[in-house]
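Subject: Structure handover

Hello,

Here is the structure you asked for. Please open it alongside this note; what I found follows below.

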Amino acid sequence: MIQLLFLVLVAEVSVVAALLFKTPLRKLAVLGIDRLKRGRRAPVAVKTVAGVVLAILASTLYSIAEISCRATDPDSGGGLTPTDQVLFSRHLLEASLMGYSLFLVIVIDRLHQYIRDLRAFKKNLEAVSKHNKMLEEAKHGISEETKKYQEDIATLNKEMKKLKLQVQEKTEEVNVAEDKALAIQKQSEGLLIEYDRLLEDNQHLRIQLQSIDLKLSSSS
């Protein structure tokens, strides 16, 4: 389960990196996400996967809470057994990975939406600029409609300013999302290091359990 979550996390980080940098991979990533969202069965599949992940996350959190209750229960000795410590560490790592995975899905969705909005704003800005240029050229050849063209130009200039402001706002939002994604990428690297440490602790606890079992078997 943990290996699968790490594979999913690495795949999501790769998608985020592809969306952050302007490369051919960004176009492929955007096209792939577009097809995923526009498919007939896509919403049902996404909701099903999200429901399964949330159910597993809820089960993992419940297991963590149950182990914590056993640790504070005076009837059980007021401490965790080596087995409980291994299970607690494993459940905690699984919950962290699932939480980061869900957060990365949200980041990918927002980055995809920002990129699509930014492209739409740029196309609108180019269309308005071309139209404005045509009006400027026509203004010199048709004197009777000069006032009308001037009003149209003024209106288009206002629209251009508005679109430029919107493009600037969206660009700032994309920069913020990129900073968050880079921070998550660094955190995922820390999780890989933590995972290696937990594996070593798990191996150490198993050795302790084996020694305890040997002592119990010898004493019996």
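Does Asp-117 count as buried, partly exposed or exposed? Asp-117 counts as partly exposed, at 21% relative accessibility. The classes are these: buried is under 20% relative accessible area, exposed is over 50%, and partly exposed is in between, with a 1.4 Å probe and protein chains only.

Some ground rules. This is a predicted model, so local features need pLDDT of at least 70 and side-chain atom pairs count only at pLDDT 80 or more, while totals for chains, interfaces and linings use all residues. Residues are numbered from 1 along each chain as its sequence is written, and side-chain values use heavy atoms, with hydrogens and water left out.

Salt bridges

The structure holds 3 salt bridges. The term means a side-chain nitrogen of Lys or Arg within 4 Å of a carboxyl oxygen of Asp or Glu.

Start with Lys-170. Its salt bridge with Asp-117 has the closest N and O atoms 3.7 Å apart. This pair links distant parts of the chain: Lys-170 is in helix α5 (residues 146-219), Asp-117 is in helix α4 (residues 82-141), and 53 residues separate them. Helices here are DSSP runs (H or I, at least four residues), numbered from the N terminus. Lys-170 is buried, at 18% relative accessible area.

Lys-170 also forms a salt bridge with Glu-173, again with the closest N and O atoms 3.7 Å apart. Both residues lie in helix α5, 3 residues apart, or about one turn of the helix. Glu-173 is partly exposed, at 31%.

Next, Asp-201 and Arg-197. Their side chains meet in a salt bridge at 2.7 Å, N to O. They sit 4 residues apart in helix α5, about one helical turn. Asp-201 is partly exposed at 32%. Arg-197 is partly exposed at 39%.

Helix α2

Helix α2 (residues 24-38) has 15 residues. From first C-alpha to last it reaches 21 Å, close to the 21 Å expected at 1.5 Å a residue. The expected span is 1.5 Å times one less than the number of residues.

Which residues of α2 are buried? They are Arg-26, Ala-29, Val-30, Ile-33 and Asp-34. Seen down the axis of α2, the buried residues fall within an arc of 135 degrees, so they line one face of the helix. The arc is taken from the directions from the helix axis to the C-beta atoms. On the other side of α2, Pro-24, Leu-25, Lys-27, Leu-28, Arg-35 and Leu-36 are exposed.

Best wishes

Key
Helices (H or I, at least four residues) and strands (E, at least two) are DSSP runs, numbered from the N terminus.
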